[in-house]
Protein chains: 2
Amino acid sequence: MAFSERVTRLKSSLIREILAAAQRPEVMSFAGGLPAEAMLPTLEWEGMPRTMGQYGMSEGEPALREALAAQARALGVDCQASQVLVLGGSQQALDLAAKLHIDKGTEILLEAPTYLAALQIFQLFGADCLSIPRERDGPDLQQLRARLEQHRPAFIYLIPTFQNPSGVCYSEAKRAGVAALLDEFGVTLIEDEPYRELSYDGVDAVPIVARLEKASWIYTGTVSKTLAPGLRVGYLIASPDLFPHLLKLKQSADLHTNRVGQWQALQWIGTEKYRQHLLELRDFYRIRRDAFAAALERHFSDLAEWQVPQGGLFFWLTLKQPLDTRTLLDAALARDVAFMPGEPFFAEPERNPGNLRLNFSHIAPERLDEGLGRLAAVIRHAQAAQAA
Amino acid sequence: MAFSERVTRLKSSLIREILAAAQRPEVMSFAGGLPAEAMLPTLEWEGMPRTMGQYGMSEGEPALREALAAQARALGVDCQASQVLVLGGSQQALDLAAKLHIDKGTEILLEAPTYLAALQIFQLFGADCLSIPRERDGPDLQQLRARLEQHRPAFIYLIPTFQNPSGVCYSEAKRAGVAALLDEFGVTLIEDEPYRELSYDGVDAVPIVARLEKASWIYTGTVSKTLAPGLRVGYLIASPDLFPHLLKLKQSADLHTNRVGQWQALQWIGTEKYRQHLLELRDFYRIRRDAFAAALERHFSDLAEWQVPQGGLFFWLTLKQPLDTRTLLDAALARDVAFMPGEPFFAEPERNPGNLRLNFSHIAPERLDEGLGRLAAVIRHAQAAQAA
């Protein structure tokens with residue numbers, strides 16, 4: 001069999017295995033990042049033109065591109081509809097960016113920790129992943145400068161607003177500092193914002209791409225966290241130098257994004273109905289976050305440290321006594337509780353033990369004591385065994 | 001700017017440019033491969049569960065995978081639902097296959113001519129494309145054997161049933177011969193069948209993958225030509241050794257295929273309603289093909305040669321006096337008629353001048369004399385200029 005060299009880097013996906021195990025109905029899962037089923041809107045299809053069944057443009061539906069550009073301009077991003085590429089979810093932006101930028105051995109910059117599926121696809125294409133340590137309010141700017149002085153990365157990939165997995169939201173100072181450094185060194189920014197609208201304490205920061213004066217950029221978003229991931233509708237907005245290449249790569253990947261999902265997204269983006277839906281969504285998730293924070297205090301205060309996230313879907317716990325949390329998985333699943341180990345979110349898992357990512361949007365508050373109690377017991381048991 | 005080496009092979013897409021030019025309402029276009037708008041079914045959405053809005057499985061919806069496996073088994077392909085991967089259109093099968101098999105310089109085998117977008121994505125990944133010449137009923141088996149004796153291609157990519165662009169449908173003897181050679185040399189087959197159901201003269205050949213005994217294989221199909229391309233729902237079925245890798249590549253590309261399109265496809269595949277729709281579709285296209293054949297006789301009998309295709313969407317014309325048909329485009333568009341030059345369908349365009357691909361499904365029969373008359377005049381004029 002003749003496989004590409006690339007395939008040797010295809011990892012057995014820990015996430016897939018955990019999510020598969022978490023499918024058992026008796027398992028209480030803090031592992032995934034699924035929107036709450038209760039908050040999925042009812043989709044109305046009346047009035048969709050029959051022509052939505054025909055082939056469409058690789059760029060996406062013109063009206064949707066206009067709506068997405070207007071939404072980005074309202075955030076401060078200076079852009080036109082001609083820079084918007086509609087995608088089959090924002091994950092596809094990572095695939096296209098990898099194709100555009102990464103050869104075997106290409107250096108890129110990532111946060112540590114970063115989005116697991118981004119790390120996986122960049123490594124699949126052969127990237128050499130350099131990490132920037134995080135602080136409470138964003139990346140360590142001194143370390144970022146040091147990396148930029150010593151390396152010529154093809155791009156930096158950041159999730160500045162309610163980061164997955166850490167929950168961090170960059171401060172204004174960090175955003176300004178990152179933008180200035182990228183302009184100074186001429187390094188392309190890929191800014192991934194799936195969680196921007198899931199903001200529970202009024203945070204509404206300006207994207208970093210809006211602050212760039214010279215560097216190239218790709219900004220990417222999705223309706224998966226706010227509307228319905230099953231539509232598979234995301235988008236990227238790119239600086240004009242990158243856009244034509246990304247468009248051709250989109251066309252070669254799958255011709256264009258499904259038009260029925262695009263039409264559905266267009267019924268919401270920019271409307272009063274959508275604004276109302278987002279308000280309800282934020283209220284719903286804020287209550288879950290607060291209940292989760294209270295339950296964590298009850299069960300984990302002696303075991304771990306964390307920040308209460310101001311948005312997004314996750315708590316990021318750092319164990320006071322670090323251990324490789326991947327070794328906890330079997331015991332947790334045996335007790336019918338699932339979580340996401342922190343190690344795979346780092347380019348160097350072995351050097352970063354002792355974190356857990358816990359989703360707070362999925363499990364109803366009244367079940368939290370049971371689930372978090374079970375998980376805490378698993379950790380206590382492992383730490384006792386380690387100490388013995 | 002730091003681009004990958006791959007991007008240097010991103011071609012300016014002639015197809016995109018032609019199709020863009022053909023958008024002008026006054027242009028009569030024989031260039032595309034769009035289903036006739038009149039035959040797009042009305043999509044009913046009543047009864048779709050709200051959970052179709054949630055994230056789904058990377059493999060695809062279980063019930064749809066079962067239906068697609070049953071459909072393939074009815075064609076003679078021995079397969080299970082566990083081998084079916086639902087895709088965002090069958091174009092995506094080419095992207096995944098390229099990732100699985102192609103490094104820079106990897107040798108692959110293609111028909112000459114072959115599907116343009118396949119050629120482009122395989123070349124984007126750096127493939128060294130070896131061509132097999134076609135005969136009236138499929139590939140030249142002696143040439144295929146010679147290539148297999150002299151090379152170790154990662155795979156062979158074939159469109160055996162109503163090929164795009166040539167319209168050829170492989171005979172039983174060619175199908176058996178290809179399968180025997182691939183088994184003998186252990187070369188993976190990628191069999192692409194978007195046009196299988198568009199069969200106008202009763203042809204119903206068994207896929208080549210059904211005849212393989214040892215070689216690995218990927219079989220790919222779509223609902224784009226029979227139902228609605230705007231849904232972006234296609235699929236691949238793979239031998240069990242390839243499937244797990246393709247699944248991981250699908251997950252890294254876009255997580256999963258949109259579920260609303262999958263649900264819609266499931267309302268049709270395998271039903272009596274779908275069978276009826278296919279009968280109507282075949283009748284509609286058969287009439288258009290026959291009208292086109294008659295109009296070609298009137299306008300092109302002194303200019304070109306062709307076979308009347310038994311299925312699919314295209315006539316493939318070979319000029320009696322070859323010239324580079326790309327040089328005809330501007331003159332044709334100036335006369336408000338569009339066609340697809342044949343050269344880009346070959347890995348070596350310069351060595352294969354003098355073919356045109358003409359779509360017969362889009363233009364109504366009563367307008368054919370006008371459109372084909374204009375196109376013939378453009379060719380006559382160019383040939384006269386060349387002779388002068």
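Predicted model: local features only at pLDDT ≥ 70, side-chain atom pairs only at ≥ 80, totals over all residues.

Me: Fine. How many residues of chain A are in contact with chain B?

Reply: On the chain A side 69 residues take part, in contact with 70 residues of chain B. The area buried between the two chains is about 5,800 Å², and carbon and sulfur atoms give 57% of that.

Me: And how many salt bridges does the rule find across the interface of chain A and chain B?

Reply: The count there is 2. In one of them, B:Lys99 pairs with A:Asp95, with the closest N and O atoms 2.6 Å apart. There are also 33 residue pairs in polar contact across the interface of chain A and chain B.

Me: Which elements of chain A give two or more residues to the side that touches chain B?

Reply: Those are α3 (91-101), α4 (116-124), α7 (243-254) and α8 (259-266) of chain A. α7(A) gives the most, with 8 residues.

Me: Let's look at α8(A). How many of its residues are buried?

Reply: 7 of its 8 residues are buried, so call it mostly covered. The buried ones are A:Arg259, A:Val260, A:Gly261, A:Gln262, A:Trp263, A:Gln264 and A:Ala265.

Me: What do the buried residues of α8(A) pack against?

Reply: In chain A they pack against α2 (62-74) and β2 (84-87), and in chain B against α8 (259-266).

Me: Which residue caps the N-terminal end of α8(A)?

Reply: A:Asn258 does, with a side-chain oxygen 3.4 Å from the backbone nitrogen of A:Val260.

Me: What is B:Leu40 in contact with, leaving aside its neighbours within four places in sequence?

Reply: From chain A there are A:Arg50, A:Gly53 and A:Gln54, and from chain B there are B:Leu227, B:Ala228 and B:Pro229. B:Leu281 is 241 residues away from B:Leu40 in sequence, yet their C-alpha atoms are 9.4 Å apart.

Me: OK, rings. How many aromatic pairs are there over all chains?

Reply: The count is 26. One of them is A:Phe284 with A:Tyr285: the ring centres are 5.7 Å apart and the planes are at 75 degrees, so that pair is edge-to-face. A:Tyr285 is buried, at 1% relative accessibility.

Me: Why does the pair A:Phe292 and A:Phe315 count as stacked?

Reply: Their planes are at 25 degrees, with the ring centres 5.2 Å apart, and planes under 30 degrees apart count as stacked. A:Phe292 is in helix α9 (residues 272-300) and A:Phe315 in strand β11 (residues 314-319), both of chain A, so the pair ties together parts 23 residues apart in sequence. A:Phe292 is buried at 1%, and A:Phe315 is buried at 0%.

Me: Which residues form the aromatic cluster?

Reply: The members are A:Phe30, A:Tyr200, A:Phe284, A:Tyr285, A:Phe292, A:Phe315 and A:Phe360.

Me: What sits over the ring of A:Trp268?

Reply: The charged end of A:Lys273, 4.2 Å from the ring centre. Over the ring of A:Phe314 sits the charged end of A:Arg357, 3.8 Å from the centre.

Me: Last topic: how many salt bridges are there over all chains?

Reply: The whole structure has 52. Among them, B:Glu184 and B:Arg145 meet at 2.8 Å, N to O. That pair links helix α6 (residues 172-185) of chain B, where B:Glu184 is, with helix α5 (residues 141-150) of chain B, where B:Arg145 is, 39 residues apart. B:Glu184 is partly exposed at 47%, and B:Arg145 is partly exposed at 31%.

Me: What about B:Arg351, buried or exposed?

Reply: B:Arg351 is exposed, at 65% relative accessibility. It forms a salt bridge with B:Glu348, the closest N and O atoms being 3.3 Å apart, and B:Glu348 is partly exposed at 41%.

Me: Which residues do salt bridges that share partners join into one network?

Reply: A:Asp95, A:Lys99, B:Asp95 and B:Lys99.

Technical notes:
Residues numbered from 1 in each chain as written. Chains lettered and ligands numbered in written order. Heavy atoms only, no water. Contact = heavy atoms within 4.5 Å. Phe/Tyr/Trp six-rings, centres within 6.5 Å; stacked < 30°, edge-to-face > 60°. Buried < 20%, exposed > 50% of the residue type's maximum accessible area, 1.4 Å probe, protein only. Helix = DSSP H or I, 4+ residues; strand = E, 2+ residues; numbered from the N terminus. Lys NZ or Arg CZ within 6 Å of the ring centre and 35° of its normal. Buried area = accessible area lost by both parts, 1.4 Å probe. Salt bridge = Lys/Arg side-chain N within 4 Å of Asp/Glu carboxyl O. Polar contact = N/O pair within 3.5 Å; in protein donor to acceptor, adjacent residues only side chain to side chain.
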